[in-house]
Amino acid sequence: MKPFVAILWCILVIGQLSANDIQKKSLKAQRNQDQIKIDGHLSEESWKKSMHQGDFIQVEPVVGKPATFGSEVSVIYDDHAIYIGAILYDKDPKKILKELSIRDNLANADNFSVFFDPYNSGLNGFLFQITASGVQLDAIISNNEEDYNWNAVWSSEISINENNWTVELKIPFSSLRFTSNEQQQWGVQFNREIRRFREQSYWNPVNPAVQGWVQQSGLLTHLENIKTPVRLGLFPYVSGYLDHTNDPKSNTSVTNTAYNAGLDVKYGINDAFTLDMTLIPDFGQVISDRQVLNLTPFEVFFEENRQFFTEGTELFNKGNLFYSRRIGSTPLNYHKAGSALLPGEKIISNPDVSQLYNATKITGRTKKGTGLGIFNAIVGETNAVLENESGLRREVQTNPLTNYNAVVIDQNLKNNSFISFMNTNVLRSGKDYDANASGLYFELKDKKQMYSVAGDVNVTQKISADKNDAGFAYNLSGGKISGKWLYEAGTGTESVYYDPNDMGFLFNANEQYYFTTLEYQEFAPKNDKMQRWNYTFWSSYNTLYQPKHFTSLSFGFENFYLWKSRNAVGGNIYVNPVESRDYFEPRTFDFERFVAAPESVTIGGFFSSDYRKPVALDINIRTVQYNIQKRQDWEITFAPRFRINDKFSVFPVIKLTKNDEQPGYVNKSFVSDIPLELTSNDVLIGIRNRFIVENTFTIRWIFNHNIGINTRIRHYYDNVRHDRFGKLTASGEPNIIAFDGKNSKGDYVFDRNVNIFNIDMQMNWRFLPGSDMIFVWKNEIFSSGNREEIDYFRNLSGLTDQIQNNNFSIRVLFFVDYLYVNALKQKRLNS
């Protein structure tokens with residue numbers, strides 16, 4: 001370890017000797033003397049006096065070239081808000097692209113954005129973006145990563161004129177966080193995209209060869225005597241549900257209704273910190289998860305779609321200690337309800353989601369660059385209901401009253417570096433165990449932003465009356481992060497008992513890995529038709545942490561080419577030159593038995609055409625060839641894009657996956673009634689063929705920038721057939737036995753034929769700033785059987801015979817702004 005650290009230190013020292021300084025332009029903010037009307041026309045005298053020539057510089061398609069058309073920008077402010085005006089010249093405004101989209105989604109439209117870094121951190125800030133069709137996008141930036149789940153309430157209008165289009169924005173100070181200093185200087189950046197040229201340009205030049213664009217922002221000066229106002233917003237809501245379940249086979253149906261009301265609160269504690277709270281939350285309108293048939297020993301990772309847990313949580317996204325889907329998820333002891341059954345009992349109800357009572361988070365950053373995040377959530381007790389033959393019922397607890405806590409401290413350092421500490425804690429009432437996890441994270445960069453060292457150290461602990469399991473993990477890497485040549489080397493370890501999964505996410509622990517990468521990127525190719533290209537080489541060596549068993553050795557090469565026509569292609573080849581060993585697939589967790597995978601070569605590639613055209617196409621192909629007869633994997637994704645007009649678009653995605661002769665664990669207890677030549681310690685392995693078809697159709701119908709319908713239709717089909725079975729040997733191969741996979745009833749219990757069908761349709765109407773009416777229709781069909789004919793269309797047509805659930809809901813959310821209400825009150829008193 002010491003030589004490795006010494007090498008990284010030398011890299012930092014050498015990094016001081018090269019790279020160019022980042023130049024910064026400055027723009028003077030003007031105090032507003034007029035009453036500004038946000039109409040997109042910039043007709044007030046304040047705009048005319050303060051407009052500055054932009055001199056934007058391209059980052060795409062030609063780095064460093066002046067923008068094709070000129071731009072002028074202006075920033076003015078008063079005691080309540082900051083205003084941005086922009087004149088974006090265009091010789092042919094009729095050719096300005098202006099496809100409509102839902103909020104926070106960028107479509108085929110020209111757009112303009114402004115970014116503020118009030119603390120001049122070079123890492124964090126606020127982004128506000130507007131398209132030529134009037135659609136708003138906003139994001140919070142943390143460590144140069146954009147989070148569009150963050151939402152602010154602000155005003156904007158655009159106007160398309162004879163030789164330009166103009167932008168007018170009003171961003172209340174209540175939507176920002178900044179210091180209370182009398183004189184302030186913020187980081188600022190303006191960006192413009194001329195979509196028909198796919199031209200991206202910035203006010204302060206951005207070098208794509210330098211990692212991160214935030215530190216390449218300019219300066220906004222002469223902000224004087226501005227103060228953070230009272231930041232209090234209330235978001236009360238009411239919602240109603242109609243749920244209908246129909247079973248065609250039994251010709252029965254059940255209909256239920258439900259009504260909910262609750263409140264979200266956003267309060268500015270001071271000029272730096274904000275409190276967010278949700279009381280009696282309702283997440284019934286969240287889009288359905290992309291459920292799959294999971295044959296692996298690890299859980300499936302699902303994205304978080306609940307707005308409270310996606311908005312303003314960027315501080316908590318350090319490492320893997322905070323996975324908000326744990327909160328209000330499946331009860332801790334959900335599967336123990338079956339084992340609690342007494343003779344003659346049956347399960348009447350067993351809720352698969354625990355009840356979230358409330359959640360609170362406090363986030364912010366001081367003027368010295370110290371970020372602080374505090375999170376707390378309370379989940380209620382959940383019980384399964386069991387009933388015996390006499391009709392007597394009893395309850396079995398499946399989830400105790402649980403408190404989830406997280407604290408993070410993030411400190412900005414010189415040269416856009418940072419160091420962070422995070423702790424998560426799960427406290428459960430009763431006899432169930434508690435859990436604690438802590439992590440320290442850092443990235444140190446040299447002055448020129450050319451080299452960095454990054455790492456983390458984590459510890460976890462599960463605490464109960466009879467156990468105290470503790471584990472640790474660490475990662476250390478370093479390399480060159482800017483320029484044409486990039487490289488990195490690193491190592492990491494996760495101990496056997498490292499487990500952050502009570503509030504975090506980790507597929508598996510007990511591993512040790514080493515990796516290297518080498519990349520060459522070219523942003524100014526000599527070929528005039530090329531825009532950029534890059535090559536990447538990497539290697540990876542992996543073992544278990546304990547015992548030190550080898551698991552895999554891999555080498556890879558990837559390339560990417562982008563033409564100025566906006567067509568792109570890429571390819572990759574990955575080689576496993578020696579046999580790999582999977583110590584998790586046998587499910588014994590003694591880390592002595594393994595399933596072997598022979599030497600293999602993976603070859604893949606993709607093609608993506610120009611999205612500006614009404615019809616575009618993405619294709620992705622991958623095949624894996626193993627050094628064994630008949631075994632192979634392949635996958636193809638076909639994703640055309642159809643833009644009918646600026647309001648209506650269709651995005652189908654067809655994905656086919658085939659696995660032939662794939663060995664995998666099967667649970668022998670399913671055939672305990674069949675005499676097999678297996679001991680209790682033997683592992684039964686099945687050789688299976690698997691075929692997956694996943695079709696997704698996304699339909700977007702946008703009426704204007706305030707009203708739109710977004711629909712996702714998804715069908716997932718998965719057919720698994722086992723050809724033969726064997727006992728796992730010490731060499732990792734199955735020793736084939738005389739067994740056809742049937743139980744005593746003649747059923748192929750290990751084969752699967754799964755169909756999952758979902759429709760998620762959402763209509764959103766923003767009737768006032770920050771206030772929405774949302775209508776949602778969710779349809780769900782699920783079927784699962786054993787061995788059936790592998791006929792996709794036959795399975796698809798058979799979905800109408802399955803149990804079907806339809807859920808209709810409407811939710812009305814109001815935004816109540818304290819400042820607006822107080823102003824109305826003062827106006828009434830004055831009158």
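# Close-up views of a predicted protein chain

**Figure 1. Charge and overall build of the chain.** The protein chain carries 86 positive and 93 negative side chains, and the centres of the two sets lie 4 Å apart. Lys and Arg count as positive, Asp and Glu as negative; His and the chain ends are not counted. Each charge is placed at NZ of Lys, CZ of Arg, CG of Asp or CD of Glu. This is a predicted model: local features need pLDDT of at least 70, side-chain atom pairs count only at pLDDT 80 or more, and totals for chains, interfaces and linings use all residues. Residues are numbered from 1 along each chain as its sequence is written, and side-chain values use heavy atoms, with hydrogens and water left out.

Six helices and 46 strands make up the secondary structure of the protein chain. The radius of gyration is 29 Å, close to the 28 Å from the globule rule for 831 residues, so the chain is as compact as a globular protein of that length. That radius is taken over C-alpha atoms, and the rule is 2.2 Å times the number of residues to the power 0.38. Helices (H or I, at least four residues) and strands (E, at least two) are DSSP runs, numbered from the N terminus. The C-alpha trace spans about 90 × 65 × 55 Å along its principal axes.

Figure 2. Of the 831 residues, 50% count as buried. Buried means under 20% relative accessible area, exposed over 50%, and partly exposed in between (1.4 Å probe, protein chains only). The chain exposes about 39,200 Å², and carbon and sulfur atoms supply 55% of that area. Areas come from the Shrake-Rupley method with a 1.4 Å probe; for residues, only the protein chains shown count as cover. Among contacts with a separation of 6 or more, 63% join residues 24 or more positions apart. Contact means heavy atoms within 4.5 Å.

**Figure 3. Arg 712 in strand E41.** Arg 712 sits in strand E41 (residues 707-728). Arg 712 counts as buried, at 9% relative accessibility. A polar atom of the Arg 712 side chain lies 2.9 Å from the backbone oxygen of Ser 288.

**Figure 4. Thr 366 between two strands.** Thr 366 lies in the loop between strand E20 (356-365) and strand E21 (370-379). Thr 366 is partly exposed, at 26% relative accessibility. Not counting residues up to four places away in sequence, Thr 366 touches Tyr 119, Ala 272 and Phe 273. From Thr 366 to Gln 411 the C-alpha to C-alpha distance is 9.6 Å, across 45 residues of sequence.

**Figure 5. Two cis peptide bonds.** Most peptide bonds are trans. The bond from Glu 60 to Pro 61 is cis, with omega near 0 degrees. Pro 61 is in the loop between strand E4 (57-60) and strand E5 (71-77). The bond from Gln 546 to Pro 547 is also cis, with omega near -5 degrees. Pro 547 is in the loop between strand E31 (530-543) and strand E32 (550-563).

Figure 6. Most residues other than glycine have a negative phi. Asp 104 has a positive phi of about 70 degrees. Asp 104 lies in the loop between strand E6 (81-89) and strand E7 (111-117), and is buried at 16% relative accessible area. Ile 280 has a positive phi near 55 degrees. Ile 280 lies in the loop between strand E18 (273-279) and helix H3 (307-310), and is exposed at 54%.

Technical notes. A polar contact is a pair of N or O atoms within 3.5 Å; within protein, one must be able to donate a hydrogen and the other to accept it, and residues adjacent in sequence count only if both atoms are side-chain atoms.
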